[in-house]
Amino acid sequence: SHLTVGRFFSDFDHASGFWDGAALRLGDEQGVFGGVAAGFDPARGNEEFDFRVPKVALFVGTRRSRGRTDLETTLAGHRTFGADTVFQRAVVDWTTRLRSGRFGYTQEIAVSPPTINDRWGLSRLLVRASLPMSRTTAFYASAVSDRPVILVDTGWTQPLTRRERVSTGLSLFRPSGLYADVNASLNGPRDTIQAVSAGVTIMTPPILGGVAFGVSGTWYDATTSSGFTASPSAEFVLGPSRLRLGYQLWRNQSPTTTTTTHGADVRLTQAVFSPRINWVLQASGRLGENIRGTTVYSSFEVRF
């Protein structure tokens with residue numbers, strides 16, 4: 001069992017990802033578990049702390065491991081609240097993860113009211129599978145059909161059609177620390193807005209006295225716009241501290257406008273680990289053209 005306070009990843013809420021708040025999980029790492037969580041949804045776009053979207057969640061699940069096989073399934077229910085009823089939304093999430101050797105399978109199903117009329121319907125379906133090509137190389141593919149409820153201005157807005165994406169990729173990992181990933185995807189094959197995209201990520205093993213270098217980038221071409229992102233970085237490891245120096249470039253072009261955002265990205269992470277306590281503090285800052293901000297995140301976990 002463990003208690004987490006601060007910013008944590010909510011694997012029971014696939015629409016949000018990170019929460020700011022507290023989560024209590026009771027049960028063994030192997031066997032039946034359950035828990036409760038409460039907090040706030042970070043602001044979309046810059047992920048800053050935001051009081052506008054409070055949330056609560058209940059979840060139960062089970063995990064079994066035998067040899068090289070690991071099976072975990074989780075059922076969760078969570079609700080979003082707000083000063084106005086249009087902020088409220090209830091969701092039921094069901095997740096299954098199977099890992100057998102280097103083979104992996106993930107399924108996510110989210111059911112929620114597709115409109116503020118409280119009519120329940122399937123809002124998200126994701127299936128992902130990975131297949132090993134060798135001891136250090138894996139091929140993966142995923143398909144997702146998403147009909148999210150998006151928070152716009154003063155309430156939840158329902159898109160007219162589902163968003164669909166089919167993607168595939170190849171990942172490579174070496175014991176030395178070298179990591180590479182190449183992927184491509186087709187977005188919205190049955191929607192009015194279609195897009196193709198491709199990406200690459202490369203991380204080097206620690207060299208030059210413990211410095212790891214990396215670069216990631218994506219390219220996309222959609223019905224209404226096209227563009228690319230690029231982000232080289234260097235990470236210095238100093239005991240329990242990590243200092244990441246990076247540069248971000250994003251360019252988007254439409255028939256009428258062209259937007260460019262670029263600047264420096266600095267992140268300092270301090271971690272303290274013990275058999276029962278895990279504390280991580282991250283401070284980051286961004287400065288450049290059309291990009292500016294400073295944020296501080298903290299996560300504290302105690303096991304009992």
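Two residues are in contact when they have heavy atoms within 4.5 Å of each other. Keep that cut-off to hand for this tour of a predicted model, in which local features need pLDDT of at least 70, side-chain atom pairs count only at pLDDT 80 or more, and totals for chains, interfaces and linings use all residues. Residues are numbered from 1 along each chain as its sequence is written, and side-chain values use heavy atoms, with hydrogens and water left out.

**The whole chain**

Start with a cartoon view: there are 20 strands and zero helices (DSSP runs numbered from the N terminus, E of at least two residues for strands, H or I of at least four for helices). Of the 304 residues, 36% count as buried (buried is under 20% relative accessible area, exposed over 50%, partly exposed in between, with a 1.4 Å probe and protein chains only).

**Stop one: Asp-93**

Select Asp-93, in strand 6 (residues 89–100). Is this residue buried or exposed? Asp-93 is buried, at a relative accessible area of 2%. Now show side chains: that of Asp-93 makes a polar contact with the side chain of His-78 at 2.8 Å (a pair of N or O atoms within 3.5 Å; within protein, one must be able to donate a hydrogen and the other to accept it, and residues adjacent in sequence count only if both atoms are side-chain atoms). Not counting residues up to four places away in sequence, Asp-93 also touches others, including Phe-12, Thr-74 and Ile-109.

**Stop two: the core**

Next, select Phe-8, Phe-12, Trp-19, Ala-23, Phe-33, Ala-37, Ala-57, Phe-59 and Ala-76, the nine residues of the largest nonpolar core. At least two residues of this core come from each of strand 2 (18–27), strand 3 (31–40) and strand 4 (54–66). Such a core is a set of buried Ala, Val, Leu, Ile, Met, Phe, Trp, Tyr and Cys residues joined through side-chain atoms within 4.5 Å. Zoom in on Ala-57: leaving aside neighbours within four places in sequence, its contacts include Phe-12, Trp-19 and Ala-37, and also His-78.

**Stop three: Arg-66**

Which strand holds Arg-66? Arg-66 lies in strand 4, and it counts as exposed because its relative accessibility is 73%.

**Last stop: Ile-277**

Finish with Ile-277 in strand 19 (residues 277–289). Ile-277 is partly exposed, since its relative accessible area is 36%.
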